[in-house]
Amino acid sequence: MTNAVVGIAIVLIIVAGITTGFVAYFRMLRHRADAQAMAEYREFAARATAEQEELRRELAEMHGRLKEVESLLRSVG
């Protein structure tokens, strides 16, 4: 009877080890995918911020031009 118990225990230990290995592997894959997604998001956010700053500069420039046009129209009229 003890040989059967030892055999079952060994099989259970091996199965538990394999299961733990698979769980760790897939957890690592999920972590790598999350890290890649975060890196892509940071890159997207940096581009969006840069584009927003460029748009703000253009808007400020257009606002200045509009003020100049208003000033010219007031001086004419």
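**Exercise 1. Determine what share of the protein chain is buried.**

Solution. Buried residues make up 0% of the 77 residues in the protein chain. Here buried means under 20% relative accessible area, exposed over 50%, and partly exposed in between, with a 1.4 Å probe and protein chains only. The model is predicted: local features need pLDDT of at least 70, side-chain atom pairs count only at pLDDT 80 or more, and totals for chains, interfaces and linings use all residues. Residues are numbered from 1 along each chain as its sequence is written, and side-chain values use heavy atoms, with hydrogens and water left out.

**Exercise 2. Describe the secondary structure and the overall extent of the protein chain.**

Solution. Next, take the principal axes: the C-alpha trace spans about 110 × 15 × 5 Å along them.

**Exercise 3. Find how many salt bridges the whole structure holds, and examine the pairs Glu 43 with Arg 47 and Glu 53 with Arg 56.**

Solution. A search of the whole structure gives five salt bridges. The criterion is a side-chain nitrogen of Lys or Arg within 4 Å of a carboxyl oxygen of Asp or Glu.

- Step 1: Glu 43 and Arg 47 form a salt bridge at 3.1 Å, N to O. These two are four residues apart in helix H1, which means that about one helical turn separates them. Arg 47 is partly exposed, at 44% relative accessible area.
- Step 2: Glu 53 and Arg 56 form a salt bridge at 3.5 Å, N to O. This pair is three residues apart in helix H1, so about one helical turn lies between the two. Glu 53 is partly exposed at 34% relative accessibility, and Arg 56 is partly exposed at 49%.

**Exercise 4. State where Met 28 lies and whether it is buried, partly exposed or exposed.**

Solution. Met 28 lies in helix H1. Its relative accessible area is 36%, so Met 28 is partly exposed.
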